[in-house]
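Hi,

Here is the structure I promised to pass on.

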Amino acid sequence: MAATGEQALLDDTSVALVESTHAAKVVAVPGPALRATLVHAYACRVGPDRQRVTVTLDRSQAAPVLVALGTSRRIALVACHIGSLQSLQLKGDDARFVDVTDADRRSAAALGEEFARFGATLGYGEAMMRAHMACRPGEVMALEFTVRQAFIQTPGPSAGQPLAGRP
Amino acid sequence: MTLTLDAIRPCFEGAIPSAIATCDPDGTPNVSYLSQVEYVDAGHVALSFQFFNTTRRNILANPQATVLVSHPVTGANFRLTVDYLRTETDGPLFERMKAKLAGVASHEGMAGIFRLRGSDVYQVREIEAIPGQYLAEPPPRRNLLAATRACSGRLSACTDLATLLDETLAGLEAHLGIHHAMLLMHDAAGRRLYTVATRGYERSGVGSEIALGDGVIGVAAAEFTPIRIGFMTPEYAYGRAVRESTQASGLAGMLETEIPFPGLAEPHSQLAVPILAIGRLIGVLYVESSEDLHFGYDDEDALVAVAGQLGMAISLMQSAHEPADETVDGLAPAVGKSGPAVVVRHFVENDSVFLGDEYLIKGVAGAIFWRLVSEFVERQRTEFTNRELRLDPRLRLPDIVDNLEARLILLERRLNEHKACVRLAKTGRGRFRLVVKRPLTLVDVPRSA
């Protein structure tokens, strides 16, 4: 649960980026002996409090991530809009598995389709992009974490700066 | 079956951005996208180091990471378990990555923001194929090994340099489907390369020059490494390279002696392969395409193999002894010298030669031409040998490797292109004839004070 009274770090633009179907997302967690591991994430949603983020993963793709989450709950998520390269990294320390809703399954499937269609407008092969970002329906699982830190990661002079919290 | 790095090399073309996960010593993970992952060898990759960021801090404090890469055709994803070894800030790997990054930056609208600070070399510990519903890999456009063998066969059959150069480019087109290609030879004394053969261009551009270090070709030559760019980038375009080399030579504005480089106006894919033999630079084989990401690692391998054989063949031809000096003093044969005289101007400043008002050639090839026409006018000589040119101190040919044959080919082709009244005709190994069809008036322009 989000700590009561904590300031939400995500503004409207950040929420839109994290939830965008045109943004590629990757989750990283610290694995054994501090070697981080990572996996593509699919649909993401930000809670009404703008502090809780739920990400969907493909269970078999995420196997090393699931193992790592058995020993640490720290997590990092990067979202990058593949058209503008606008990027954001979120970090938390309370990642946990949550039940997958039908909406999550639909969102995860829809993301692959939307992502592929948008990728095609940028010159990527649509079929390739669909295959690249296909989350298999029977494999969808979800993780939830509270955003403790957020950083701008868009290439340029502001890269690495913390995202200022807004009331 | 264990996956090998070379089996997934298309993942390193930069078509789909890769991601890296690192961890600080306290266990906080970090994940960021990478502009570039470069295949180094069967056990190593290099990652572009562009910014002093958390990834950088983490990897210096805890030199282990995991990298996510994707296949640009099948969409398949792979996890690479890697350990950081070192950072290279110059040399072949750095220059390869710098050039490739310039293309990626241009393609992504990040020119001026993406700047390579170093090439971080990592040892690859493990490669994991991530399960998914990926596409099947389509059959290759062609069997590159068979194509390389066919090119090799053509080269082996050549007995003179001119044929060797032309057959190389013809072979690339016939067997590898490369329609735009050129060969440049190294002028060690001038620290530049000059074009001796081209294929697929409106103008041949023979005689055009590129300074070492300029553009894709110049960097490949300077660093002894293939340079390959998959996207259009002005940073490595020839227009700029040629302009700068002209300015550097101090000749800009003095004489119009630049032969335009014949390359595509907007090359989206460029690959320059140094031609090496016995540890020395012979020249550069350059190919290009108007399509993005047209040349891959396998194409690069094929061209490196062809360039290797070409380099050895050129080297052998250069070192083959010519016939002992038999004084050839043939007088002008019955060649019709009719019509008004053509003024041949020679500028001592840079050995540039003009036929009438048209620029012909400069440098060593210009000096050779001036010597030939001087002999013709003064002594009516028409028969010459390579050997006498090689021994003539006025031509300032290097002692060890003079590339005389290449310069004669260049001169011959320039004369043919100009439909000049003076031509060179080969009369045997190491021998040629000057064929003159109009009277010549020679004007030697001394060096300006």
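Into which domains is chain B divided? There are three of them: domain 1 (5-130), domain 2 (144-319) and domain 3 (342-445), with bounds that come from an automatic or database domain assignment.

Before the details, a word on the ground rules. This is a predicted model, where local features need pLDDT of at least 70 and side-chain atom pairs count only at pLDDT 80 or more, while totals for chains, interfaces and linings use all residues. Residues are numbered from 1 along each chain as its sequence is written, and chains are lettered from A and ligands numbered from 1 in the order in which they are written.

**Domains 2 and 3 of chain B**

The C-alpha centres of domain 2 and domain 3 of chain B lie 24 Å apart. The contact between them takes 18 residues from domain 2 of chain B and 17 residues from domain 3 of chain B; two residues are in contact if their C-beta atoms, placed from the backbone, lie within 7 Å. On the domain 2 side, helix 4 (161-176), strand 9 and helix 7 of chain B each supply at least two residues. Helix 4 of chain B gives the most, with three residues. (Helices are DSSP runs of H or I with at least four residues, strands are runs of E with at least two, and both are numbered from the N terminus.) That side of domain 2 divides into twelve nonpolar residues, five polar and one charged. Here Ala, Val, Leu, Ile, Met, Phe, Trp, Tyr, Cys and Pro count as nonpolar, Asp, Glu, Lys and Arg as charged, and the others, Gly among them, as polar.

Strands 8 and 9 of chain B form a hairpin with four residues between them, and Arg191(B) in the turn has a positive phi of about 50°. Strand 9 of chain B also pairs with strand 10 (residues 209-211) of chain B, antiparallel over three bridges, where Arg192(B) has Ala211(B) as its bridge partner.

**A three-stranded sheet in chain B**

There is an open sheet of three strands in the order 17-19-18, with antiparallel pairing. Strand 17 (383-385) and strand 18 (422-428) of chain B are the edge strands, each pairing on one side only. Strand 18 of chain B pairs with strand 19 (residues 431-436) of chain B over six bridges, and Leu424(B) has Leu434(B) as its bridge partner.

**Val304(B)**

Val304(B) sits in helix 7 (residues 297-319) of chain B. Is Val304(B) buried or partly exposed? Partly exposed, because 18 C-beta neighbours lie inside 10 Å. Leaving aside neighbours within four places in sequence, Val304(B) is in contact with Pro226(B) and Val273(B).

**Where the chains meet**

Finally, 34 residues of chain A are in contact with 35 residues of chain B. Helix 4 (126-132) of chain A gives the most to the chain A side, with five residues.

Notes
Two strands pair if DSSP finds at least two bridges between them. A residue is buried if 20 or more other C-beta atoms lie within 10 Å of its own, exposed if 12 or fewer, and partly exposed in between; C-beta atoms are placed from the backbone.
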